[in-house]
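Below are some notes on it, point by point, for you to read with the model open beside you.

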Amino acid sequence: MIGNDWDEKLKIIWESKGFQKFYEKIMHEYDLKTIYPPKDYIFNALKLTSFADTKVVIMGQDPYHGENEAHGLSFSVQKGVKIPPSLQNIYKELYDDLKIPPKEDGDLTGWAKEGVLLLNSVLTVEKDKAASHRNLGWELLTDYIIKILNTKEEPVVFILWGKFAKEKAKYITNPHHYIIISPHPSPLSAYSGFFGSRPFSKANEFLKKNKMTPIDWSL
């Protein structure tokens, strides 16, 4: 399904009758309603960032539910789409943290190719209905992904923004990983502790301390 080492890592999920039944239901939803992201982009995060290459995880909630926005990467939108408020705040914190100026677009594919797994807790959503696919079954997959990453011998930085992402922290028990938790970058909560949290420099300092190549957050 993915085309890299995630296929083997997640084989037990792909082959389970429960997931296959759930996935058939999701595909049927695409036939009946407008669902985002496009089918080909549902697993984009896993396709762009293999298990072996994952150095940082940024957890999101569910895909953007506006037209042409979601493309399978948390907080990212396709080129040509207006940058959402949460991503504007992420860019603001990136500038305050590392003096990297905001990009002109909201496409975070460059981060994914650097080893940042941009994973949403829920991988699909109905048009204009935020969280409409929550608790349907995606969480079983994304919880398992975090559990698998927890077993990784190389240290991983887990950046958990907001309540939904924070729920994944209970699966990160390996002491050599690094967890960064702060409020969500949404305008509703960014001033409650997201701004000033310096996640980008903290992640890179941790990677360098562990003799790993830091992330080029300017991409």
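1. Asn 135 sits in the loop between strand E4 (125–126) and H7; helices (H or I, at least four residues) and strands (E, at least two) are DSSP runs, numbered from the N terminus. Asn 135 is not a glycine, yet its phi is positive, at about 65 degrees. With a relative accessibility of 62%, Asn 135 counts as exposed; here buried means under 20% relative accessible area, exposed over 50%, and partly exposed in between, with a 1.4 Å probe and protein chains only.

2. A word on the source, before you go further. This is a predicted model, in which local features need pLDDT of at least 70 and side-chain atom pairs count only at pLDDT 80 or more, while totals for chains, interfaces and linings use all residues. Residues are numbered from 1 along each chain as its sequence is written, and side-chain values use heavy atoms, with hydrogens and water left out.

3. The peptide bond from Tyr 36 to Pro 37 is cis, with omega near -5 degrees, and Pro 37 lies in the loop between strand E1 (35–36) and helix H4 (44–48).

4. As background, an α-helix has 3.6 residues a turn, so residues three or four places apart point the same way.

5. Now the sheet. In which order do the 4 strands of the open sheet run? The order is E3-E2-E5-E6, with parallel pairing; two strands pair if DSSP finds at least two bridges between them. Strand E3 (116–120) and strand E6 (178–182) are the edge strands, each pairing on one side only. Neighbouring strands are turned by 15 degrees against each other on average, direction ignored; axes are lines fitted to C-alpha atoms, for helices over the stretch in contact, and angles run from 0 to 180 degrees between N-to-C directions.

6. Strand E2 (residues 56–60) is joined to E3 by 5 bridges, in parallel, and pairs with strand E5 (residues 157–161) over 4 bridges, also in the parallel sense. Met 59 is a handy landmark: it stands opposite Leu 119 in E3 and opposite Leu 160 in E5.

7. Are the faces of these strands buried or exposed? On E3, Val 116, Leu 118 and Asn 120 on one side and Leu 117 and Leu 119 on the other are all buried. With 5 of its 5 residues buried, E3 is therefore largely enclosed by the rest of the structure. On E2, Val 56, Ile 58 and Gly 60 point one way and Val 57 and Met 59 the other, and all are buried.

8. The largest pocket has a volume of about 520 Å³. A pocket is an open set of points on a 1 Å grid over the protein atoms alone, where a 1.4 Å probe fits, with protein on both sides within 12 Å along at least five of seven lines; lining residues have an atom within 4 Å of a point. Grid points are joined across faces, edges and corners, and the volume is the space filled by probe spheres set on the points. The lining has 32 residues, with Gly 60, Gln 61, Asp 62, Asn 120 and Phe 164 nearest the centre.10. Ser 186 is found in the loop between E6 and H9 and is buried, with a relative accessible area of 15%.
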